[in-house]
Amino acid sequence: MIGLLNHKQHDPNNRGLLFRGKNARTRAYNYMRSRSLKTKYELSAAYLENGEVFVFKEKGNDFKTSHNHFVKKDVNIYADVNGRLVRVTGLVHTHPFVHGNLTPDNPLSLSESDFKLASDFAQTIDIIVIKSSNGVGAGVYRVSTSGNGLVYPQLIFNF
Ligand SMILES: [Zn+2]
């Protein structure tokens, strides 16, 4: 039997990667950052209601896009974690390069689809900044979107 969580068997292109247990978020953030640095692609992950973090497979991701492999059912959003549907409570994805204008509107270069995604999660989305040309430091930012293009980033994790 092939263990999906076994690192040797991990295939980031075709499978998701689950982080569970102690410091799941910290470990997921560090993984996503180093993976994104290496590939120069975005990586996207779901916060699960049980505290786990599921990093989605990378297939089709590029410098400015990442795919969220959701299952929408009734009013809820789920991730298919190796055959098990788990409710998603929030999202985080990397931005390999941030160049937005620091003042005043969109310092983390949120895209239109980021705004759409945030609207499914109480207007909130987390962004992992990898590099920037506008002085925004590497870190994880919780972003509240106003719906009219303004964003309010708050640093929640420092690398
Ligand atoms: Zn984005």
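Reply: The place to start is S109, found in the loop between strand 6 and helix 2. Helices (H or I, at least four residues) and strands (E, at least two) are DSSP runs, numbered from the N terminus. The model is predicted, so local features need pLDDT of at least 70 and side-chain atom pairs count only at pLDDT 80 or more, while totals for chains, interfaces and linings use all residues. Residues are numbered from 1 along each chain as its sequence is written, and side-chain values use heavy atoms, with hydrogens and water left out.

The backbone of S109 has a positive phi near 55°, in a residue other than glycine. Most residues other than glycine have a negative phi. Q123 is a further case: its phi is positive, about 60°, and it is not a glycine. Q123 belongs to the loop between helix 2 and strand 7. With a relative accessible area of 32%, Q123 is partly exposed; buried means under 20% relative accessible area, exposed over 50%, and partly exposed in between (1.4 Å probe, protein chains only).

Helix 2 also contains D114, which counts as buried at 5% relative accessibility. D114 is a ligand of the zinc ion: the protein donors are H93 (NE2), H95 (NE2), D114 (OD) and D114 (OD), and they lie 2.1 to 2.5 Å from the metal. Donors here are N, O and S atoms within 2.8 Å of the metal (3.2 Å for Na, K and Ca), and a site may look incomplete because water is not among the atoms. Along the sequence the donor residues follow the spacing H-x1-H-x18-D. H93 and H95 are both buried.

The geometry of the site is irregular, because the four donor atoms subtend angles of 56 to 154° around the zinc ion. For comparison, four donors count as tetrahedral if all angles lie between 85 and 135 degrees; four count as square planar and six as octahedral if opposite donors are over 155 degrees apart and all others between 65 and 115; anything else is irregular.

Next comes the packing. The largest nonpolar core has 25 residues, and those with the most contacts inside it are L48, V88, L108, L110 and V143. Strand 2 (44-48), strand 5 (76-81), strand 6 (84-98), helix 2 (112-119), strand 7 and strand 8 each supply at least two residues of this core. Strand 6 contributes the most, four residues. A nonpolar core is a set of buried Ala, Val, Leu, Ile, Met, Phe, Trp, Tyr and Cys residues joined through side-chain atoms within 4.5 Å.

Strand 8 (residues 139-145) has five of its seven residues buried, so it is largely enclosed by the rest of the structure. Strand 7 (residues 124-132) pairs with strand 8 in the antiparallel sense over six bridges; two strands pair if DSSP finds at least two bridges between them. In that pairing I127 stands opposite Y141 of strand 8. The hairpin of strand 7 and strand 8 has six residues between the strands, and there G135 takes a positive phi near 90°. Strand 8 also pairs with strand 9 (residues 151-158), again antiparallel, over seven bridges. V140 is opposite F157 in strand 9.

The structure holds six aromatic pairs. In one of them, the rings of F54 and F56 have centres 5.8 Å apart and planes at 85°, so the pair is edge-to-face. F54 and F56 are both buried. F157 and F159 form an edge-to-face pair as well, at 5.3 Å centre to centre and 80° between the planes. Rings of Phe, Tyr and Trp (its six-membered ring) pair if their centres lie within 6.5 Å; planes under 30 degrees apart count as stacked, over 60 as edge-to-face and the rest as tilted. At 19% relative accessibility F157 counts as buried, whereas F159, at 30%, is partly exposed. F54, F56, F70 and F121 make up one aromatic cluster.
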